[in-house]
Amino acid sequence: MAAAIVTRELTKRYGSAALVTQHLRDALVRPEDFMPYLEHMAQVDPRLFVDMLAAAGRHTARELLCEVRVPTLIIAGQHDWICPPEFSQEIHRLIPHSQLQ
């Protein structure tokens, strides 16, 4: 059932399994490297999977970033969809004396 959810969501986002594969290739991820992860996730109870996604969506460490006291280099990618550039800019703003590249 989890595999069906993952497949449905990826297909909804990219339109077809072929486009999902193409996106993985474009993202420099080899499908043969990524598929074991998806196969593992397919074994996770769907309710737990949905709960994990919801928790990840709510998670924030913003209030802790101002306490970072070590040299910090933030590297951002223009096409990063996990941590988009605007998030990296906010992280840079919140970590004292950080550098953003």
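A salt bridge here is a side-chain nitrogen of Lys or Arg within 4 Å of a carboxyl oxygen of Asp or Glu. Side chains of opposite charge can pair when their charged atoms come close. E90 and R93 both sit in helix α6, 3 residues apart, or about one turn of the helix.

E90 also meets R62 in a salt bridge, at 2.9 Å from N to O. R62 lies in helix α5 (residues 62-65) and E90 in helix α6, so this pair ties together parts that are 28 residues apart in sequence. Together, R62, E90 and R93 are linked in a network of salt bridges.

How open are these residues? Buried means under 20% relative accessible area, exposed means over 50%, and partly exposed lies in between (1.4 Å probe, protein chains only). R93 is exposed at 59%, while R62 is partly exposed at 41% and E90 is partly exposed at 22%.

## Another salt bridge

The structure holds 3 salt bridges. One of them joins R47 and D45, whose closest N and O atoms are 2.9 Å apart. R47 is exposed, at 64% relative accessibility, and D45 is partly exposed, at 33%.

Now look at the loop between α6 (85-94) and β2 (99-100), where you will find H97. Most residues other than glycine have a negative phi. H97 is not a glycine, yet its phi is positive, at about 60°. H97 is also exposed, with a relative accessible area of 80%.

S98 lies in the loop between α6 and β2 too, but S98 is buried, at 9% relative accessibility. The side chain of S98 makes a polar contact of 2.8 Å with the side chain of H92. A polar contact is a pair of N or O atoms within 3.5 Å; within protein, one must be able to donate a hydrogen and the other to accept it, and residues adjacent in sequence count only if both atoms are side-chain atoms.

## The whole chain

The protein chain has 6 helices and 2 strands. These are DSSP runs, with helices (H or I) of at least four residues and strands (E) of at least two, numbered from the N terminus. Of the 101 residues, 18% are buried.

## Reading the numbers

Residues are numbered from 1 along each chain as its sequence is written, and side-chain values use heavy atoms, leaving out hydrogens and water. Because the model is predicted, local features need pLDDT of at least 70 and side-chain atom pairs count only at pLDDT 80 or more, while totals for chains, interfaces and linings use all residues.
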